[in-house]
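Please look over the sequence and the 3D structure below before reading on.

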Amino acid sequence: LVAYTNSAVDTILLKLQKEGQDFLRLGRKERVRAELLSNTSEEVARRCSTPTMLSDCYNSYLVVGSTCLGVDHAAIVNRQFDWCVLDEASQALLPSVLSSLLLAKRFI
């Protein structure tokens, strides 16, 4: 899940959280809503003691949320997703979303 703004990413992730969906939130912790902090990559990394454990933990998330410019994170650099959902598509310039689209087989 990607969007041009942190606010849009967090709004959708909050809805998923209410439905019980587990997810990983990429991006700077300072820009993430307080309710989602436990799902940030920084907090997830704190719970891992080895690089292998961290990689396995990151790869266990089926849903990953980020801004368009934050998808170059180590947590997803070698992953291929089934779908990329791009919110706020009209606000994003094509170069800013290419990385996101290349990580998925399909996008909406």
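The paragraphs below take up the sheet, the helix and the pocket in turn. This is a predicted model, in which local features need pLDDT of at least 70 and side-chain atom pairs count only at pLDDT 80 or more, while totals for chains, interfaces and linings use all residues. Residues are numbered from 1 along each chain as its sequence is written, and side-chain values use heavy atoms, with hydrogens and water left out.

Four strands form an open sheet in the order β2-β3-β1-β5, with parallel pairing. Its edge strands, β2 and β5, each pair on one side only. Strands here are DSSP E runs of at least two residues, and helices are H or I runs of at least four, numbered from the N terminus; two strands pair if DSSP finds at least two bridges between them. The parallel strands β2 and β3 are joined by two bridges, and L24 has V64 in β3 as its bridge partner.

Helix α1 covers residues 6–18. Its buried residues (under 20% relative accessible area, 1.4 Å probe, protein chains only) are N6, A8, V9, D10, L13 and L14. Among what covers these residues are β1 (2–3), β2 (24–25), β3 and β5 (86–87). Just after α1, G20 takes a positive phi of about 85 degrees.

Which residues lie nearest the centre of the largest pocket? They are L1, L62, V64, F81 and W83, out of 18 lining residues. A pocket is an open set of points on a 1 Å grid over the protein atoms alone, where a 1.4 Å probe fits, with protein on both sides within 12 Å along at least five of seven lines; lining residues have an atom within 4 Å of a point. β4 gives the most to this lining, with four residues.

How values were computed:
Expected span 1.5 Å × (residues − 1). Buried < 20%, exposed > 50% of the residue type's maximum accessible area, 1.4 Å probe, protein only. Contact = heavy atoms within 4.5 Å.
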